[in-house]
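Here are a few notes to read alongside the structure, in the order I would look at things.

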Amino acid sequence: MNIKELYAFYKQHPVVTTDSRDCPKGSIFVALKGDTFDGNKFAVQALEKGCALAIIDDPTVLEGVENLDDQEKKESLRSRLMLVPDTLQAFKDLAREHRRQFQIPVIGITGTNGKTTTKELVRAVLAEKYNVMATEGNFNNDVGVPKTLLRLTPEHDIAVVEMGASHPGDIKTLAETAEPTCGLITNVGKAHLQGFGSLKGVIQTKGELYDFLATRDESVIFINADNEHLVSILPDKAWVAPYSKNAANAEGCVVGQLVACDPFLRLRWCENGLDLEERGAEQRWYEVSTHLIGSYNLDNVLAAITVGLQFAVAPEQICHALESYVPKNNRSQLTETATNHLIVDAYNANPTSMEAALDNFNLMQVAPKMAIIGEMRELGESSREEHGHIVKVLKRYRFDKVWLVGEEFRDIKCHYRKFHDVEEVKAAIAEERPEGYYILIKGSNGNRLYQLPELL
């Protein structure tokens with residue numbers, strides 16, 4: 001069965017599952033494999049639960065069926081098993097074929113930090129005018145992107161697809177699957193260094209989105225004109241839609257300025273940045289009060305504004321979307337409990353995002369301040385150095401109380417209180433019951449610091 005035949009089958013059975021525990025009748029089961037699981041082992045079970053087809057890449061599954069004594073069952077299972085060289089590749093090929101049925105704009109978003117927040121802001125802005133299909137949660141890897149694409153229906157006007165990466169070549173693969181018509185890299189920084197090897201590796205990998213768009217006619221690249229790393233890797237022949245915090249940038253560049261961050265981000269923006277003073281009354285500024293915590297989110301907001309303008313969303317609609325958007329999933333959230341104010345950013349952390357969060361927390365005109373900082377994962381040989389740097393930043397800012405969580409902080413000399421894991425933190429909270437603090441909770445998801453807000 002080639003991809004055209006498989007897609008014809010999919011149109012008759014338009015539900016795909018990769019979980020043998022969830023097998024809707026008539027669906028297609030794709031036997032994916034991981035470090036700790038092998039879907040091939042559950043392919044027959046998926047068929048018995050009602051799947052119309054199981055895509056496998058382990059021939060022993062077929063051999064096992066051939067050994068069955070029940071001839072009728074053998075023939076039924078044999079006819080519904082599809083052996084391919086690589087089930088993940090087949091899954092991506094199916095998703096790409098489905099995506100090709102829709103002649104709509106597809107915006108690919110990647111970056112070291114802020115890609116999920118930017119994706120949600122872009123979704124909110126575009127939804128003011130269009131029916132938008134966007135990545136749910138952080139389904140941004142080589143399994144999540146195909147799942148996202150398969151959600152496309154004829155009712156959708158535009159798609160926003162988030163793309164994550166932890167190794168060189170990841171973005172290239174995802175771009176070749178999603179085939180975006182537009183692209184946005186939020187930024188590049190030190191993350192997943194264990195996989196990328198260096199910041200240069202991060203830049204090259206994120207730049208694979210630009211490389212793909214350079215091969216497509218009439219593609220658009222949305223770019224932060226202030227980011228030297230991103231500007232340096234722009235393709236020569238690229239249709240660029242820039243945004244900046246510098247009012248002196250060229251005409252056609254969306255410009256934004258920070259108004260306040262107390263603690264929510266407030267900004268003002270305009271459509272053209274050249275000779276603003278000379279334009280005077282001709283240049284209209286729009287002021288927006290968001291529900292986002294952190295001045296570092298200004299770039300993410302400007303990206304969403306630029307995308308909205310590119311797709312003819314009215315400025316007033318853009319402002320409405322930005323003011324209505326409320327972050328969730330432990331990303332830059334401010335939560336007020338009975339005893340404390342919590343700034344929760346416990347989904348992910350790397351040296352760049354951690355320092356930005358600490359910088360912003362320091363600028364907030366509130367007191368007293370407490371920081372619960374979890375270790376940063378996947379930094380490889382740079383881990384000790386990067387954690388040491390974060391401790392130096394903490395010393396510079398002199399917050400009223402600092403708790404460090406994780407083994408990466410254990411051997412770093414400092415006077416801060418250290419915890420092996422989140423369970424030890426929970427015990428300390430139960431015993432000491434911190435009250436009256438503004439508390440920043442920041443760390444990699446593996447620290448499970450997202451369990452702390454309900455205790456504070």
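**Notes on the predicted model**

1. V16 stands opposite I28 in β2. Please keep in mind that this is a predicted model.

2. Now for the whole sheet. It is open, has 4 strands in the order β1-β2-β3-β4, and its pairing is parallel. At the edges are β1 (16-17) and β4 (81-83), each of which pairs on one side only.

3. Helix α1 (residues 3-12) packs on this sheet and touches β1, β2, β3 (53-56) and β4, with its direction at about 145° to that of β3. Helix α5 (residues 87-99) packs on the sheet too, touching β1, β2 and β3, and its direction makes about 125° with that of β3.

4. Next, the second largest pocket, with a volume of about 240 Å³. It is lined by 15 residues, and the closest to its centre are R99, I104, E179, T181 and R216. The lining is made up of 6 nonpolar, 3 polar and 6 charged residues.

5. A backbone detail worth a look: the peptide bond from A367 to P368 is cis, with omega near -10°. P368 lies in the loop between α16 (351-363) and β16 (369-374).

6. Most residues other than glycine have a negative phi. E218, in the loop between α11 (208-214) and β9 (220-224), has a positive phi near 60°. Is E218 buried or exposed? Its relative accessibility is 71%, so E218 counts as exposed.

7. R448, found in the segment after β19 (438-442), also has a positive phi, of about 60°, although it is not a glycine. With a relative accessible area of 31%, R448 is partly exposed.

Methods: Residues are numbered from 1 along each chain as its sequence is written. This is a predicted model: local features need pLDDT of at least 70, side-chain atom pairs count only at pLDDT 80 or more; totals for chains, interfaces and linings use all residues. Side-chain values use heavy atoms; hydrogens and water are left out. Two strands pair if DSSP finds at least two bridges between them. Helices (H or I, at least four residues) and strands (E, at least two) are DSSP runs, numbered from the N terminus. Contact means heavy atoms within 4.5 Å. Axes are lines fitted to C-alpha atoms, for helices over the stretch in contact, and angles run from 0 to 180 degrees between N-to-C directions. On a 1 Å grid over the protein atoms alone, a cavity is a set of points where a 1.4 Å probe fits but cannot get out, and a pocket is an open set with protein on both sides within 12 Å along at least five of seven lines; lining residues have an atom within 4 Å of a point. Grid points are joined across faces, edges and corners, and a volume is the space filled by probe spheres set on the points. Ala, Val, Leu, Ile, Met, Phe, Trp, Tyr, Cys and Pro count as nonpolar, Asp, Glu, Lys and Arg as charged, and the others, Gly among them, as polar. Buried means under 20% relative accessible area, exposed over 50%, partly exposed in between (1.4 Å probe, protein chains only).
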